Amino acid sequence: MNVDDLVAGLNPVQREAVLASTGPLLILAGAGSGKTRVIVHRIAYLIAAQGVDPRQIIALTFTNKAAQEMRERVREMIGPVAQSMWISTFHSSCSRILRNHGELLGFSSKFSIYGDKEQTALLKEVARKLNLQPTMFPTKYLSSAIEDAKNRGVGPDEYAVEVHHAPNPKLRVVANAYKLYQQGLLENDALDFGDLLFQTVALFNKFPDLLASYRERFNYILVDEYQDTNEIQYRLIGMLAEPKRNLCVVGDDDQSIYSWRGAQIKNILDFESDYPEAKVVRLEENYRSTATILNAANRVIAANKQRKGKDLWTNNQSGELISLYLAANEADEARYVVKRISTSVREPGDFAIFYRTNAQSRIFEEGLSRKAIPYTIVGGTKFYDRAEVRDLLAYLKVVNNERDGISLLRILNVPARGVGKTSIEHLQTYADANGLTLWQTLELLESEALVRGGARTALNGLVAMIRQWRRQEQEGRKPSVICADILAGIGFSAWLLKHNDPIQAQARQENIAELLNAIELWEEEQEAPSLAAYLENVALINDDHVDSAASSQVTLMTIHRAKGLEFDEVFLVGLEEGLFPGNRSYENPNLLEEERRLCYVGMTRARQKLHMSACRKRRLYGKPADNRPSRFLLEIPLELFKREDRNAAFAQAAAGVEEERARTGSFTGSSSAFRSPGRYRQKPAASAAGRQNLEVSGKSAPAAAGPKNGSAFPPGCRVEHTVFGPGVVAGRKGSGEDVKLDIIFRDRGRKLLSLKIAALKRLA
């Protein structure tokens, strides 16, 4: 295959990215710019034109869906030779490394991978041992703190040092829980998802010769969605990239929206500092959205400071104007959305409704149901999280890994076999006191009367069955055969029928049948299917954070889940101050910029038509509130909107935005934004009106006049706040750097603001 064939169909900039084969490369890929195509062609070029051994290439992604798509497209281009390269998620690649070398850290090659449910169960055990009150230390709080530490590359000993002098004493308790939790994982021969990366980095740090061997193997490293990498992923990439530095990262700083789970936008912003010799290529042609949608999205994101900057453009048609609906309340907003969908000639699967918080979905669900419009909510209970499926997977995990005490605990009385809570607690206490695993304790029941009566008989029967299934696994029996044997041995279907109503029992039996089908389909794709490999496959697939949308139903989801998806017609709802952006972002510029990036992501999911809506009044979390339109709406030129609320019923709402426009100078723009029909380029520099618009919207707030001790803001003086608008200072509290101003705002009521944080301007 010659070079011309390998770059056929690529635009000049995409071609440049593909042909830059050595050294560090940053590909800034704007929304809808064909980044996956570039990665695939680049891999094919390295192998087919540069003669690189596929085994020397590793491509890291965040989801199994992305990895699978990339693998298939590379295979289509250059054939089965691509199968020998690593194209997989971070978690999958690290699991593969640890399966081969984990014994150096005390783990067997059959270690279990604990998801949320198993983590919660283990943390409950930790809390029991430490006598922690669930109200003071809920498992979600503990797991979040531990996950954050691992994402930052901080182990339990380092964490204990880190929080030793922390003002919050709860953190020192978390340190104790973290240490005990890690001990529990080791005892259960298990790792959680954070450990897959954390332990891989620890492995390479402890065994530099091993790291050197992987560096020698992986001469070319590609990383997708680089803006989403956290600290531990950043360290892993840096380790593997040295000393050859043939590192290609692809990402979009304008789509960095996961800081709440550890993602660091600085990783992509500082790439050129980390690799001064790096080449930077910007993919700026958008193939997805209309020029109108792109124009509006670029105006919103331009207000951010933390960005590399891109001049996105498209050859697509201008398309329809963005529909703007200013609703009286959330019920009115839902009526508008449902009416537009029900009267459209499009299929339900062409529509998506994006909201900032899950709590907003209810009213849209009710409206769609009344109109008998099919819909799906992305982020509901996953197949592998359903109770009966998890029960069977727990059996398989115990067969695979005898040290997995958490999975063993789950199945001791499932199906019910007369083993009560007291008996289980007694077994756990005995195991802890004698340094035994739960399985070792169960094996003693044949000779020791640790529990009595029917419970002892039932548990001895369970031990005998597990031994039988383990022999099958050691003999090489397929996972589907073992699973079918388990179902028959424990009488699972009969138990479901007895303990559920007929409809529930049927649904759960269908789920069991689907699990068996899934195992058999997986086995057909494997050369040598094993139980350990199947369980790893399930664990890693279930970790994907991107869900597929149903093709025949309206899709409802939070904007965070929309990343990576696209729809013909998108409704972006709830664009109100305090909701989107949320209250927490008001005094934190970094959070505010992430909220703006989130809005940009939501807007750029739309291919042909975008609707944006806000409510003047909304009851959220049980509390009614009067709302102002989101600053993100005010950053879009008025000429790009088509107002949908021009009637008497919504006159008040409409007047509110016109008043906002007159006061702030927002909703400004020029028809010259379109350089030529159907083609858009962002203006290189903002006009004076545009700069004023951005300042009012919070990009660069005016500095507070005078010193920060409050003397420049005496009681009675008039002030302007970037979010709350005009107000009058009623008083101040505190002194020095801690001074707070008591301000009565014209539109938002009374608020107490920290002067050293709040962006205030004193008015004449």
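In strand β6 of this predicted model, the bridge partner of Leu60 is Val223, where helices (H or I, at least four residues) and strands (E, at least two) are DSSP runs numbered from the N terminus. Residues are numbered from 1 along each chain as its sequence is written. Because the model is predicted, local features need a pLDDT of at least 70 and side-chain atom pairs count only at pLDDT 80 or more, whereas totals for chains, interfaces and linings use all residues, and side-chain values use heavy atoms, with hydrogens and water left out.

Strand β6 comprises residues 220-223 and is covered on both faces, with Tyr220 and Leu222 buried on one side and Ile221 and Val223 buried on the other; buried denotes under 20% relative accessible area, exposed over 50%, and partly exposed the range in between, with a 1.4 Å probe and protein chains only. Strand β6 also pairs in the parallel sense with strand β7, residues 247-251, over three bridges, and in this pairing Ile221 stands opposite Leu247. Between β6 and β7 the chain passes through helix α12, residues 231-241, in a right-handed β-α-β crossover, a term meaning that, with the strands pointing away from the viewer, the path from the first strand over the helix to the second runs clockwise.

These strands belong to an open sheet of six strands in the order β3-β2-β6-β7-β1-β8, with parallel pairing. The edges are formed by β3, residues 86-89, and β8, residues 279-283, each of which pairs on one side only. On average, neighbouring strands of the sheet are turned by 15° against each other, direction ignored; axes are lines fitted to C-alpha atoms, for helices over the stretch in contact, and angles run from 0 to 180 degrees between N-to-C directions. Strand β1, residues 25-29, pairs with β8 in the parallel sense over five bridges, and Leu26 stands opposite Val280 in β8. Helix α2, residues 12-19, lies across β1 and β8 and runs at about 145° to β8.

Asp254 is found in the loop between β7 and α13, the latter covering residues 266-269. This aspartate counts as buried because its relative accessibility is 1%, and the side chain of Asp254 makes a polar contact of 2.8 Å with the side chain of Arg307. A polar contact is a pair of N or O atoms within 3.5 Å; within protein, one must be able to donate a hydrogen and the other to accept it, and residues adjacent in sequence count only if both atoms are side-chain atoms. Apart from neighbours within four places in sequence, Asp254 is in contact (heavy atoms within 4.5 Å) with Ile301, Arg307, Lys310, Arg597, Tyr600 and Val601. Ile301 is also one of the buried residues of helix α15, which spans residues 291-301 and in which 11 of 11 residues are buried.

Further buried positions are found elsewhere in the chain. Ser361 lies in helix α17, residues 361-370, is buried with a relative accessible area of 8%, and touches Tyr355, Ile377 and Leu556 when residues up to four places away in sequence are not counted. Val399 has its place in helix α18, residues 387-400, and is buried at 2% relative accessible area. Leaving aside neighbours within four places, Val399 is in contact with Trp469, Arg470, Glu473, Ile486 and Leu531; the C-alpha atoms of Val399 and Leu531, which are 132 residues apart along the chain, are separated by 8.7 Å. Ala327, in strand β10 of residues 322-327, is buried with a relative accessible area of 0%, and Ala327 and Asp645, 318 residues apart in sequence, are 7.5 Å apart from C-alpha to C-alpha.

The protein as a whole has 31 helices and 24 strands, and 54% of its 764 residues count as buried. Residues 24 or more positions apart account for 75% of the contacts with a separation of 6 or more. The average pLDDT, the predictor's confidence in each residue from 0 to 100, is 86, and 88% of the residues score at least 70. Over residues 647-658, however, the pLDDT stays under 50, and the model has 18 contacts beyond four places in sequence for this stretch. Over residues 664-706 the pLDDT is likewise below 50, with 102 contacts in the model beyond near neighbours in sequence.

Notes:
Pairing = 2+ DSSP bridges.
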